[in-house]
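Reader: I have not looked at this one before. Can you walk me through it?

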Amino acid sequence: MEKLYLSSPTMHGEEMNYIQEAFDRNWIAPLGFNCDGFEKEMEEYLKSDVHALALASGTGALHLAVKAAGIKRGDVVLCSDMTFSATVNPVAYEGGTHVFVDSERESWNMDPVALKKAFEKYPQAKLVCMAHLYGTPAKMDEILKICDEHGAVLIEDAAEALSAEYKGKKCGTFGKYNALSFNGNKIITTSGGGMLLCKDKADRDKALFRATQAREAAPWYQHEEIGYNYRMSNVVAGIGRGQLLHLDEHRALKEAIYNRYKEGFKDMPFISMNPYLKDTLPNFWLSCMLIDRSKAGKVETEGGVCEIVTKISKALAAENIETRPIWKPMHMQPVYKNCDFITADGEDVGRDVFERGICLPSDIKMTDKQQEKVIEIIKSCF
Ligand SMILES: *Cc1c(COP(=O)(O)O)cnc(C)c1O
């Protein structure tokens with residue numbers, strides 16, 4: 001069988017028209033009409049008062065967000081624990097001190113109860129860096145309320161959650177600074193790219209200045225601070241404009257995949273799908289399943305996941321089908337071993353989900369028949 005991916009790029013044709021226009025007008029350089037158009041169209045799509053800046057990566061967007069928040073060496077930043085490392089690495093670029101906040105069980109995102117505890121221990125913290133895992137919105141009302149109470153700013157990492165909604169409002173519009181990613185595996189892709197979304201236009205303009213080498217307004221090259229080369233190219237932005245036309249269609253296909261898994265496992269009560277909150281509309285970027293402890297087997301020394309996770313991933317890999325463990329929590333990562341980790345009540349939820357969870361193929365080009373096969377193979381592992 002042809003390889004079945006977790007999530008691979010799906011192109012539609014319009015992308016080429018925008019790229020062609022960039023070639024026809026010989027506008028290959030960074031910046032230009034596709035960047036401007038992509039930013040404007042994204043702002044319209046998000047139906048919210050945010051100011052968009054197209055960048056070379058989501059990680060770059062998060063870095064500029066941490067800079068905008070004014071983080072300096074030694075400043076404490078309260079961060080999501082179970083997420084991709086790119087959510088939190090930019091804090092390290094600026095010398096900030098991470099404190100990892102555990103996840104809750106209802107959406108697998110930052111637990112407001114643990115966040116509250118983290119603020120009790122670190123009342124000086126002025127920044128919270130939070131991700132929506134796998135396109136599932138976090139408990140935004142609670143998290144924003146706690147941030148407000150402590151005068152802290154929120155960075156929302158919506159890299160996996162573009163098009164997802166919390167109470168009718170799109171993810172990526174809640175924080176003072178927000179990041180999107182268009183990496184190859186995301187719900188829409190530009191091959192590689194990202195976007196910073198700022199509440200204030202002045203912040204967007206300052207981030208643009210930093211993203212383009214921090215050149216002061218002078219006829220010669222004048223620099224008063226350190227700059228970066230983080231801008232998205234005009235060619236790449238063309239892909240994004242074409243993809244954006246199909247974002248809602250991608251979301252609907254992802255949701256159908258999630259529901260087919262749910263249906264497929266309904267006679268196996270020890271399997272549950274990644275949960276989401278009422279009043280939220282996930283984008284279902286990746287469908288994940290969680291296996292009951294009673295059926296999970298021992299935790300393996302190498303890697304740290306339960307035997308059943310390895311068994312399922314091997315059985316699927318034998319048929320050329322990709323799976324992945326859940327993001328390994330940051331407090332379990334050697335590179336962050338010296339950082340503090342705060343739980344709600346002593347129970348390590350992130351570790352538990354990591355040990356017995358698994359990401360399933362969620363590619364929107366997957367046929368019903370292929371998905372049935374995935375489900376059958378998984379069932380045969382029990
Ligand atoms: C993909 C991803 C990023 C990084 O985005 P890039 O565009 O690959 O730099 C950041 N955070 C999360 C949660 C992601 O999934």
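Author: What follows is a short talk through some helices, the ligand site and a few single residues. Keep in mind that this is a predicted model.

Reader: Start with the ligand. How many residues surround the ligand, and which are the closest?

Author: The ligand is surrounded by 15 residues. The closest are Thr59, Asp157, Glu160, Ser181 and Lys186.

Reader: Which ligand atom lies 2.5 Å from a polar side-chain atom of threonine 59?

Author: An oxygen atom of the ligand lies at that distance from threonine 59. For aspartate 157, an N or O atom in the side chain is 2.7 Å from a nitrogen atom of the ligand.

Reader: And how much of the ligand's accessible area does the protein cover?

Author: The protein covers 93% of it, where the ligand on its own has 380 Å² of accessible area.

Reader: OK, helices. What is buried in helix 5?

Author: Helix 5 runs over residues 112–121, and its buried residues are Pro112, Ala114, Leu115, Ala118 and Phe119. Seen down the helix axis, these residues fall within an arc of 155 degrees, so they line one face of helix 5.

Reader: Why would residues some places apart point the same way?

Author: An α-helix has 3.6 residues a turn, so residues three or four places apart point the same way.

Reader: Which residues are exposed on the other side of helix 5?

Author: Glu120 and Lys121 are exposed there.

Reader: What do the buried ones pack against?

Author: The buried residues of helix 5 pack against strand 2 (76–80), strand 3 (97–101), strand 4 (127–131), helix 6 (140–149) and strand 14 (340–342).

Reader: What caps the N-terminal end of helix 5?

Author: Aspartate 111 does, with a side-chain oxygen 2.9 Å from the backbone nitrogen of valine 113.

Reader: Now helix 9. How many residues does helix 9 have, and how far does it reach?

Author: Helix 9 (residues 247–264) has 18 residues and reaches 26 Å from its first C-alpha to its last, close to the 26 Å expected. Its buried residues are Leu247, His250, Arg251, Lys254, Ile257, Tyr258, Tyr261 and Gly264. Those residues cover an arc of only 155 degrees around the axis, which puts them on the same side of helix 9.

Reader: What covers them?

Author: The cover includes helix 2, helix 8, strand 10 (271–273), strand 11 (280–281) and helix 13 (368–379).

Reader: You mention helix 2. How many residues does helix 2 have?

Author: Helix 2 (residues 33–46) has 14 residues. Its first and last C-alpha atoms are 20 Å apart, close to the 20 Å expected at 1.5 Å a residue. Among its buried residues are Phe33, Phe38, Glu39, Met42 and Tyr45. Lysine 47 follows helix 2 and has a positive phi, near 45 degrees.

Reader: Glutamate 39, buried or exposed?

Author: Buried: glutamate 39 has 5% relative accessibility, and buried means under 20%, so glutamate 39 counts as buried.

Reader: What does its side chain reach?

Author: The side chain of glutamate 39 reaches the backbone nitrogen of alanine 54 at 2.7 Å. Leaving aside neighbours within four places in sequence, glutamate 39 is in contact with Ala52, Leu53, Ala54, Met195, Arg204 and Arg231.

Reader: Where is serine 163 found, and what is its phi?

Author: Serine 163 is found in the loop between strand 5 (153–157) and strand 6 (165–166). Its phi is positive, about 90 degrees, although serine 163 is not a glycine. Serine 163 is buried, with a relative accessible area of 2%.

Reader: And alanine 214, where does that lie?

Author: Alanine 214 lies in the loop between helix 7 (201–211) and helix 8 (234–244). Alanine 214 has a positive phi of about 50 degrees and is buried, at a relative accessible area of 0%.

Reader: Last one. Glutamate 2, buried or exposed?

Author: Glutamate 2 is exposed, with a relative accessible area of 69%. It is found in the segment before helix 1 (14–24).

Definitions and conventions: Residues numbered from 1 in each chain as written. Predicted model: local features only at pLDDT ≥ 70, side-chain atom pairs only at ≥ 80, totals over all residues. Heavy atoms only, no water. Buried < 20%, exposed > 50% of the residue type's maximum accessible area, 1.4 Å probe, protein only. Helix = DSSP H or I, 4+ residues; strand = E, 2+ residues; numbered from the N terminus. Arc of directions from axis to C-beta. Contact = heavy atoms within 4.5 Å. Polar contact = N/O pair within 3.5 Å; in protein donor to acceptor, adjacent residues only side chain to side chain. Expected span 1.5 Å × (residues − 1). Near = heavy atom within 4 Å. Areas by Shrake-Rupley, 256 points an atom, 1.4 Å probe, with all protein chains shown as cover.
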